[in-house]
Amino acid sequence: MLARLGAARGGGLLALALAVALLPLALVNQYLYDVAILVGLNAIVCVGLNLLIGYAGQISLGHAGFFALGGYGSAILCVRYGWPPLSALPASIASVTLLAFLVGRPILRLKGHYLAMATLGLGVIITVVLATEDRFTGGPDGMSVPPLALFGHALRGERVWYWMVGALLLACVWFALNLVESPRGRALRALHGSEVAAEMIGIDSARHKLVVFVLSAGLAAAAGALTAHYSGFITPSQGSFLRSIELVTMVVFGGMASTFGAVVGAAVLTTLPQLLTPLKDYEMVVFGAVMMFTMIFMPRGIVPTLAGLFRPKARP
Amino acid sequence: MSAQLLQFLFAGLTAGAIYALVALGFSIIYNSSQVINFAQGEFVMIGGMATVSLLHLGLPLPLAALAAVAVTTLVALALDKLAVERAHGASIVTLIIITIGASILLRGLASLVWDKNIHALPAFSGDKPIALGGATLLPQSLWVLGVSLAVLAALWWFFNRTLYGKAMLATSHNRLAAQLAGISVRRVLLVSFGLSGALGALAGILIAPITFTAWDVGVMLGLKGFAAAILGGLGSGPGAVLGGLLLGLTEALAAGYVSSAYKDVIAFVIILAVLVLMPGGLLGRRAAERV
Amino acid sequence: MSLLRAEGLCKEFGGVHAVQALEFDIQPGAVFSIIGPNGAGKTTLLNLITGIYRPSAGRIWLEEHELTGLAPHRFAAAGIARTFQNLQIFFNMSVLENVMAGRYLHERCGLAAAMLRLPRLARAERACRAEALELLSLVGLERYAGDASEGMPYGALKRLEIARALAARPRLLLLDEPAAGLNPTETQEIDRLIQQLAARGVTVVLVEHNMRLVMGVSDRVLVLDYGRKLAEGDAASVRRDPRVIEAYLGAEVRDA
């Protein structure tokens, strides 16, 4: 069984690496590169969110808030305080991580829909503050963000960003897979399986939940900061409730408790709206319908359902 | 009591009554299935928008409103029959995502069937403000409060005095036992969706003369209704009402005394504070997990 | 010195005194049973001595460490493990993984080490797996190691919980109605298992309704009624105690 698991993991990583390496062959114009980069950045958030939702069994309907804060933090440090982007970025990520730590402690004592509401409220609070404090944030129209610069050279251009995001995504997936298969990952899954039994085998559930929450918030902030520097601007709507719902949907859609599922979900749900733009006014209708159909017929999400088709049937 | 405070209270109660109706919709469906119906806000939207359309077609307001409620109820029933029931057996999270998909679908349909403009409904009995204690009250507010009260009374009677209502409550307490007692859980869920649809539509129609309606009003109203339901304790009818009123009042007072821009922030901070102190909401069941 | 000691233990739920003024003293290496009619407070007591409930009054010690009011994971860290009356299997994991999870306290693993997949982790995993398999054979489930725990028969799951609890290498093992819902053959297996554990030096606290099992395997028996101690002593004397008989043994005496 371990061999099979190892093969699945190794195979998956290889497939992902190949996909990242070979995709540029299909990316024939700037627009497609752009979509691919956005997919990658969304996937990074989803990998972290999947750890929280699929493995630790918690929920967050406010993760876009961390994403937006990561972006704004870096933007504000650069634009208002003149920090170089290369130091603003990690500083922003660190600050958001700290915020997640402070807020997470009281919030994670809540369960289920109450936790959902608390995280949702957090996201709304963040978004409103970002839209209102226009002295710092430029208000509802957002603010522009300088590009990342390495040794004086600005990092512009889709190709550079593509490889950077691709490498980062692979690293995140690798870290996530390692974590899940480690004793810590087992502790997380135990927590999800039965919190009281997990406590009784010595798992400090509060601390574990907090660690995963903070980790996933940090990843979201990192993706947000990178997105801001890549696209050159940021708006408060990046942190909106609808955006948070989108992220959760990507995770569930791709398959909870599946790191590859998170990547697939991000890929599908980021590209689908783009594919549907020719439909113009029908875009939302089709998108909503696709979501509903997929979840009705593949309730465990795409990757687990497809994996189930290929796995040999269990012994009766 | 200062006239200004009174003004804010009126506004708060009016909004609060609407939130309460939406919150009740959430609680009723939650009680039957543990699912949070994220399309609840869209029911509110359809109620208002459909009434606008029907008015334009020439129907008198009461008939248009009634027909709109019927339409929304049908939409809600369809959502249950075609989507939620089909996914029977799926995890709660999956069901929630299905309702999220439904809300997107409904919003998309709304933008096609109608448009993306803001529409107004005429006030039920004119919009000449009534002076009361130095503050002004819109007659529509009285409609909101009056109809809400009547609806609450009807719901209370239904759930506590009719056999079917009690059967629905039984399902929320113990699904398996209810099934064994011969209650069709599927039917209960269907009725729940229908009821929530009607409640949402009613809320949408009541508030449209004051705050206007558009294809996307459902998002915020759904969000606030959900917040109110959680604040009061998910699954508790009185909790939904209490949560709704408190949310409405908090918002109005915050908008009045602090800042209109931050009213949502203050409201949510208070909700967060309440939840941290009372993890099951104000009137929520504080059941200890049996191990 | 006693292994587990409680003094003046009380637990109240909004006016209902589930447990009142309870005191007991469990010696290491003993099999200590707690019996009583339904509602007597047995599971409440178990939850109190595992930290799941906080006592309204009273104190608990494991050897010389006071554990009163600590979180459950601290009780576990002190060396107490338990099974549950309503199974709390990790249904999202396989049979083997459930037992491996039980070893949590013995495989500390930092976040960075986990994410970087350091080599020593692989070695620790192999050892963990081996020990888990050994425990599964102890309870007779080694054939099911790779299977999903969901869908396993009830009796097997009860034994799985015991294996998981043992994985923590506890000094005190609490079994909450391990024979509930089991047929006589399965119950005999539990009996044999408990005796094996006692022979290994694990102190066992047993909450049970099955009198044959209790009387056959216990060194000492504590009888609860309405949350209070009704009687305590060795199996034979408790059986003969008229107060106990009156409270609930009743017809059992004629059959046994």
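In chain A, buried residues make up 57% of the 316 residues, a residue being counted as buried if 20 or more other C-beta atoms, placed from the backbone, lie within 10 Å of its own, as exposed if 12 or fewer do, and as partly exposed in between. The model is a predicted one, in which local features need pLDDT of at least 70 and side-chain atom pairs count only at pLDDT 80 or more, whereas totals for chains, interfaces and linings use all residues. Residues are numbered from 1 along each chain as its sequence is written, and chains are lettered from A and ligands numbered from 1 in the order in which they are written.

Chain A contains 14 helices and 4 strands, where helices (H or I, at least four residues) and strands (E, at least two) are DSSP runs numbered from the N terminus. The C-alpha trace of chain A spans about 65 × 45 × 45 Å along its principal axes. The radius of gyration of chain A, 19 Å, agrees with the value near 20 Å that a compact globule of 316 residues would have; this radius is taken over C-alpha atoms, and the globule rule is 2.2 Å times the number of residues to the power 0.38. Of the contacts in chain A with a separation of 6 or more, 78% are made by residues 24 or more positions apart, two residues being in contact if their C-beta atoms, placed from the backbone, lie within 7 Å.

The contact between chain A and chain B takes 31 residues from chain A and 40 residues from chain B. On the side of chain A that touches chain B, the elements that give two or more residues are α5 (112-132), α11 (241-254) and α13 (283-297) of chain A, and α5(A) gives the most, with 10 residues. By class, this side of chain A has 24 nonpolar, 5 polar and 2 charged residues, with Ala, Val, Leu, Ile, Met, Phe, Trp, Tyr, Cys and Pro counted as nonpolar, Asp, Glu, Lys and Arg as charged, and the others, Gly among them, as polar.

Chain C is divided into domain 1 (1-79 + 170-256) and domain 2 (90-169), with bounds that come from an automatic or database domain assignment. The C-alpha centres of these two domains of chain C lie 27 Å apart, and the contact takes 11 residues from domain 1 and 11 residues from domain 2. The side of domain 1 that touches domain 2 receives two or more residues from each of α2 (72-78), β7 (172-176) and α7 (184-199) of chain C, the largest share, 3 residues, coming from α7(C). That side of domain 1 of chain C has 8 nonpolar, 1 polar and 2 charged residues.

Helix α6 (residues 154-167) of chain C has 14 residues and reaches 20 Å from its first C-alpha to its last, close to the 20 Å expected at 1.5 Å a residue, the expected span being 1.5 Å times one less than the number of residues. Of the 14 residues of α6(C), 11 are buried, among them C:L157, C:R159 and C:E161, and these buried residues pack against β6 (80-82), α3 (95-102), α5 (119-138), β7 and α7 of chain C. After α6(C) comes C:R169, with a positive phi near 50 degrees.

Strands β3 (residues 31-35) and β9 (residues 220-225) of chain C pair in the parallel sense over 4 bridges, pairing being assigned if DSSP finds at least two bridges between two strands. C:S33 has C:V221 as its bridge partner in β9(C), while the partner of C:V221 in β10(C) is C:G233. Strand β10 (residues 228-233) of chain C pairs with β9(C) in the antiparallel sense over 5 bridges, and in their hairpin, which has 2 residues between the strands, C:Y226 takes a positive phi near 50 degrees.
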